[in-house]
Structures are given as structure tokens and as C-alpha cells.
Amino acid sequence: MTTAAGLQTVLTVPERFRGPEGTANGGWISGTLAGFLTGASDGSAVEVTLHKPVPLEKELGVANVGNTLALGDDDRHLAEAIPVAETLTPPPFVSFTDAARAESGFAGLRGHAIAGCFACGLREPGDGLRIFPGPVPEAGAVAAGWRVPVNVTDEDGVVPDSIVWAALDCVTFWAHFGGPGAPAEPQPQPGQSALLGRLTAQVFRRVYPLGRYSVVGRVSGRDGRKLFGESAVYELDGTLVAAAKATWIVPRG
């Protein structure tokens, strides 16, 4: 929800769009911030950096600083978004049938540290997105069949880009859980978590409620506690809907 407040915009994250307990889903908040930029831009990719967890159900300030959008909580700098001239490299297309079949191998079924996550959590159907990516060895990726809930549309009946960004988010983390291409050592363990540090994404086409899409993610590297991944959303015929790259930070200990 946004309202005007002087020269600043007030953003409140509904509890439904949570990630880790008490904080916003990283993909959803990143896509929401990107929306403030892309509405007046040429549709280029947007890079969102998350500095601190974003609280739920609290009025937060969104302000433009040059060509950067900043999100803050009083004097706490939470996140920033900026358009970037970058060509994203999506993982290969996986058919919806194969992506849906891969869900049975979803590592979160063996241990999920953030089971209430809006994107990949074990939420009730129609509540969360229920994107459960499992390994697809022949594609060198993990994938899930995304069945878009009807109740994620805005007041105009459109699925906003914030929902698409949420779909692009967690799949890049789950690719590191034994997915094809994941480093042999060290790997995250079942029940372990990480925090999204940066998400760069571009949405090319609309997503429709009750539509069926493939969500695909792959590992692109690891540097100590930093996990890197790439993701994409595809239509049934393989048309690219959106692409992203992400950086995750594994907590110490």
C-alpha cells in the first residue's frame, strides 16, 4: 500500500508477503521498489540491494535520490533500487511438465528454515506462490511449475511485477541445495537459510492469473558465504517472461 506523504512515498509491506519471520520477502520488496522506477523508464533491468531486513506492517519511506530509489525506516537505510544497463543471462527453458515433475525433489520438503515464505514456503494453496524447485539434471538447473493464484492481482486484475520478482527470487537459492551445477563443497544443509543481498531483474511480458509457467534457476557461482544464481520465468511455449540474477549471503555459523 502506498500513499503520498509530502515529497516521500509511504510503503507498508502486508504480512502476507513475508520471507523470514517478521520481514518482507526479498523478491517481493525488490520488485515493488523496481516498480517505482520502471513505470517511468524504458523497461531496462533494475538492481535492488537489500542492506537490512525490511519490517512488515510498518510505514516505511521511499524517496528518490538522483536516479536511485531509497527505502528507509526512520534513519535506517534498508534498500535501494537503480536502473542498470545490463543483459541478463537466463537459465535454459524447462517445460512446465518437467518443471512440475521436478517439484518432488524440492529440498525444502526435507527441511525448510523459512516455511512461511511467500514465494517458496509451505503455505496453503492460494495464499503463497508455492514455488518448489527441484533438480532437472539434463538442464543443469532446478525448476518448478508455477500455477499463478488468482488472488495476487492488483485492483485492475493485473499480476504486478512484484509477484514476478518474488517468483524469480528463491529459486536461485534452492539451486545451491544439491541442484545440478551446485558446488560439491561446501553446500548449504537442509534447514539452513540465507538472506537475499541483491536481486537484478527484468520483466519482459505479463503474467496472468491462473496461468501456468516454468520457473527455472541455476547456480552461477559461490564466493565464501556469497551464493550466486540466475533465474527465469517461461511461458508454456518457452517464451521468456522475466530473468534475474541474485546474490545471497549465508549467515555466519
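The legends below describe close-up views of a predicted model.

**View 1. The protein chain as a whole.** In this predicted model, the protein chain has 253 residues, of which 51% are buried. Its secondary structure comes to 4 helices and 12 strands. Among the contacts in the protein chain with a separation of 6 or more, 67% are made by residues 24 or more positions apart. The accessible surface of the chain comes to about 11100 Å², and carbon and sulfur atoms account for 51% of that area.

**View 2. The largest nonpolar core and the surroundings of W146.** The largest nonpolar core holds 65 residues, and the members that touch the most other members are I29, L33, L71, W146 and I163. Helix α3, which spans residues 161-169, supplies the largest share of this core, with 6 residues. Apart from this core lies another one, of 9 residues, which includes A99, A102, A141 and V216. In soluble globular proteins, nonpolar side chains tend to be buried together. When residues up to four places away in sequence are not counted, W146 touches F96, L129, I131, I163, V164, A167, V207, G211, R212, Y213, V215 and V233. Two of these contact residues, F96 and R212, also meet each other, in that the charged end of R212 sits over the ring of F96 at 4.9 Å from its centre.

View 3. Strand β5, formed by residues 68-73, is mostly covered, with 6 of its 6 residues buried. In a regular strand the side chains alternate between the two faces of the sheet. In β5 both faces are covered, with T68, A70 and G72 buried on one side and L69, L71 and D73 buried on the other. Strand β4 (residues 60-65) pairs with β5 in the antiparallel sense over 5 bridges, and within this pairing V62 stands opposite L71 of β5. The hairpin of β4 and β5 has 2 residues between the strands, and G66 there takes a positive phi near 65 degrees. Strand β6 (residues 76-84) likewise pairs with β5 in the antiparallel sense, over 5 bridges, and R76 in β6 is the bridge partner of D73. In the hairpin of β5 and β6, which also has 2 residues between the strands, D74 takes a positive phi near 60 degrees.

**View 4. The aromatic pair of F17 and F118.** A search of the whole structure finds 10 aromatic pairs. A pair of aromatic rings is described by the distance of the centres and the angle of the planes. For F17 and F118 the ring centres are 4.9 Å apart and the planes lie at 85 degrees, so this pair is edge-to-face. F17 belongs to the loop between β2 (8-11) and α1 (26-38), whereas F118 belongs to the loop between α2 (96-102) and β7 (134-136), so the pair ties together parts that are 101 residues apart in sequence. F17 and F118 are both buried.

View 5. The rings of F173 and W248 have their centres 5.2 Å apart and their planes at 40 degrees, so the pair is tilted. This pair links distant parts of the chain, with F173 in helix α4 (residues 171-174) and W248 in strand β12 (residues 240-249), 75 residues apart. F173 and W248 are both buried.

**View 6. The surroundings of L88.** L88 is found in the loop between β6 and α2. Its relative accessibility is 12%, so L88 counts as buried under the cut-off of 20%. The C-alpha atoms of L88 and A244 are separated by 6.5 Å, although the two residues are 156 residues apart along the chain. Leaving aside neighbours within four places in sequence, L88 is in contact with A45, T200, A201, Q202, A243, A244 and K245.

View 7. With a relative accessible area of 8%, S162 is buried. Not counting residues up to four places away in sequence, S162 touches G27, W28, G31 and T32.

How values were computed. Residues numbered from 1 in each chain as written. Predicted model: local features only at pLDDT ≥ 70, side-chain atom pairs only at ≥ 80, totals over all residues. Heavy atoms only, no water. Core = buried A, V, L, I, M, F, W, Y, C linked by side-chain atoms within 4.5 Å. Buried < 20%, exposed > 50% of the residue type's maximum accessible area, 1.4 Å probe, protein only. Contact = heavy atoms within 4.5 Å. Areas by Shrake-Rupley, 256 points an atom, 1.4 Å probe, with all protein chains shown as cover. Pairing = 2+ DSSP bridges. Phe/Tyr/Trp six-rings, centres within 6.5 Å; stacked < 30°, edge-to-face > 60°. Lys NZ or Arg CZ within 6 Å of the ring centre and 35° of its normal.
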